[in-house]
Every structure is written in C-alpha cells, then in structure tokens.
Amino acid sequence: MDIIDMANKYSGYYSASTEPEIVEIGRMNYLSILGSGSPGTPIFYEKKKAIIDFLQQLQKEFTQKEKAFKSDIVEIFYWFDEKEGFVDIGDFYTTLSLDILKYRIAVVIPDFITAQNIEVTAENHKEIPFASQFETFDYNAGKCVQLMHLGPFAGELVTLPILQNFASESGLRKSGMHHEIHITHFEKGQSQANMQTILRDPVQAI
C-alpha cells in the first residue's frame with residue numbers, strides 16, 4: 001500500500017528561494033484551527049501542538065486503506081480585521097498591536113478528507129485539547145510573492161521589508177493573509193538558529 005506523502009506530492013508548494021519571487025499557488029485543503037493574539041502566547045503553542053496530535057489520529061483512521069496519507073508541516077495564516085486598516089507586507093508585525101492579530105494554524109490534507117471526517121475524529125478523541133474546534137479550510141491564494149527566511153522568527157522584521165520592496169518594484173501590493181510555512185519543525189523553547197520558514201503573501205496589481 002502506498003502512502004500519499006503531501007510534502008512530496010506538493011513539493012513546489014513547500015519550496016521557495018532565499019531571493020524574492022513571484023509564484024502562483026492553487027487551491028489547497030487544510031485541517032485548521034482559529035486563534036487570536038500574539039503568536040508567542042502559550043495558547044498559540046498549545047494549539048500548534050494540538051493540531052499535530054489531532055492530525056496523527058486522523059491519519060490513523062486511514063491507515064491500512066488505499067487513502068493512507070502523511071502530512072506534518074505546520075503553516076500559519078495571519079491577518080488583522082479590515083476595520084483596523086491596511087497593513088502591508090513589510091510592516092506586518094510592527095504596524096498594529098499583536099494583541100488584535102488573527103491567525104489560522106493549518107496543515108495540508110488530501111481533498112478526500114471531509115468535515116465529517118474531522119467531526120468523527122474530534123468525537124473519538126476528546127482528550128486532545130481544542131478537538132471540537134478543528135475544521136477544514138479551503139483556500140486559493142493565487143498570485144503571491146514569497147521567499148525562504150532562514151533563522152529566528154525575529155529576523156523576519158528584516159526579511160519582510162525585502163519582500164515588500166520586491167512586490168512594490170514589481171507593481172504589486174498585498175491582497176490577502178500573510179502566510180508562513182514552517183518547513184523546519186519548531187516548538188517553544190527550541191533553538192531557532194536553523195529555522196526554515198517560507199514567507200508568502202498574496203498580491204495584486206497596484
């Protein structure tokens with residue numbers, strides 16, 4: 001029996017240059033959970049751990065079946081409510097208070113996983129924190145600018161303006177949620193020295 005490895009199946013989705021580039025990202029299906037506030041809070045890391053625990057149980061339900069799959073790369077979508085005003089790529093983490101930041105922690109899953117599959121897993125594994133809050137999320141980012149950020153998250157304050165300048169010089173402006181893909185697995189307390197994070201933002205013509 002072959003296992004569908006999502007990282008291999010969508011290798012282009014999970015890759016980026018260390019230099020800014022324009023890419024086209026198609027529709028993807030995710031297991032996800034919503035949250036708000038700074039990404040450094042305890043509840044943020046609790047939800048990040050819980051989504052992996054939940055995903056492992058979901059994968060077990062398809063083990064020994066033709067639709068067995070593997071997926072474990074965590075991604076985060078970030079945004080501010082529109083009433084707070086437009087926040088561009090380069091100033092994303094410095095314009096407004098992170099206390100009002102919204103986020104969606106997500107992991108890519110196969111299209112055959114349905115909301116009902118998620119509900120059944122949640123019912124069977126109530127011991128997993130936030131089990132009842134997990135849901136499917138379908139998203140088509142379209143045209144994006146991206147690059148691979150290497151090193152600590154704090155370094156993104158330098159990297160994001162580079163991505164912003166590239167977008168502006170290309171006649172593009174931010175048009176959707178800021179998206180980070182944690183290629184390197186990371187949990188609170190671990191060293192960030194060798195982190196690899198794709199920074200990706202949907203854009204449209206100015």
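Strand β4 is mostly covered, with 4 of its 5 residues buried; buried denotes under 20% relative accessible area, exposed over 50%, and partly exposed the range in between, for a 1.4 Å probe and protein chains only. The model is a predicted one, in which local features need pLDDT of at least 70 and side-chain atom pairs count only at pLDDT 80 or more, whereas totals for chains, interfaces and linings use all residues. Residues are numbered from 1 along each chain as its sequence is written, and side-chain values use heavy atoms, with hydrogens and water left out.

Strand β4 spans residues 75-79 and pairs with β5 in the antiparallel sense over 5 bridges; two strands are taken to pair if DSSP finds at least two bridges between them. Within this pairing, I76 stands opposite I105, and Y103 is the bridge partner of Y78. β4 is also joined to strand β8 (residues 178-182) by 4 bridges, again running antiparallel. Here Y78 faces H178.

## Strand β5

Strand β5 covers residues 102-108, of which 6 of the 7 are buried, so the strand is largely enclosed by the rest of the structure. In β5, K102 stands opposite S36.

## Two loop residues

L98 belongs to the loop between β4 and β5. At 24% relative accessibility, L98 counts as partly exposed. L98 touches G37, S38, P39, F80 and Y93, leaving aside residues up to four places away in sequence; a contact means heavy atoms within 4.5 Å. The C-alpha atom of L98 is also separated by 9.7 Å from that of G40, although the two residues are 58 apart along the chain.

F130 is placed in the loop between α3 (115-124) and β6 (135-150). Its phi is near 65°, a positive value in a residue other than glycine. Most residues other than glycine have a negative phi. With a relative accessibility of 19%, F130 counts as buried.

## Overall fold

The protein chain contains 4 helices and 9 strands; helices (H or I, at least four residues) and strands (E, at least two) are DSSP runs numbered from the N terminus. Along the sequence these elements follow the pattern β-α-β-α-β-β-β-α-β-α-β-β-β. The radius of gyration is 17 Å, close to the 17 Å given by the globule rule for 206 residues, so the chain is as compact as a globular protein of that length. This radius is taken over C-alpha atoms, and the rule is 2.2 Å times the number of residues to the power 0.38. Taken along the principal axes, the C-alpha atoms fill a box of roughly 50 × 35 × 35 Å.

Of the contacts between residues at least 6 apart in sequence, 80% join residues at least 24 apart.

## Burial, surface and charge

Of the 206 residues of the protein chain, 47% count as buried. The accessible surface comes to about 10100 Å², of which 50% belongs to carbon and sulfur atoms; areas come from the Shrake-Rupley method with a 1.4 Å probe, and for residues only the protein chains shown count as cover.

The chain carries 18 positive and 28 negative side chains, and the centres of the two sets lie 4 Å apart. Lys and Arg count as positive and Asp and Glu as negative, while His and the chain ends are not counted. Each charge is placed at NZ of Lys, CZ of Arg, CG of Asp or CD of Glu.
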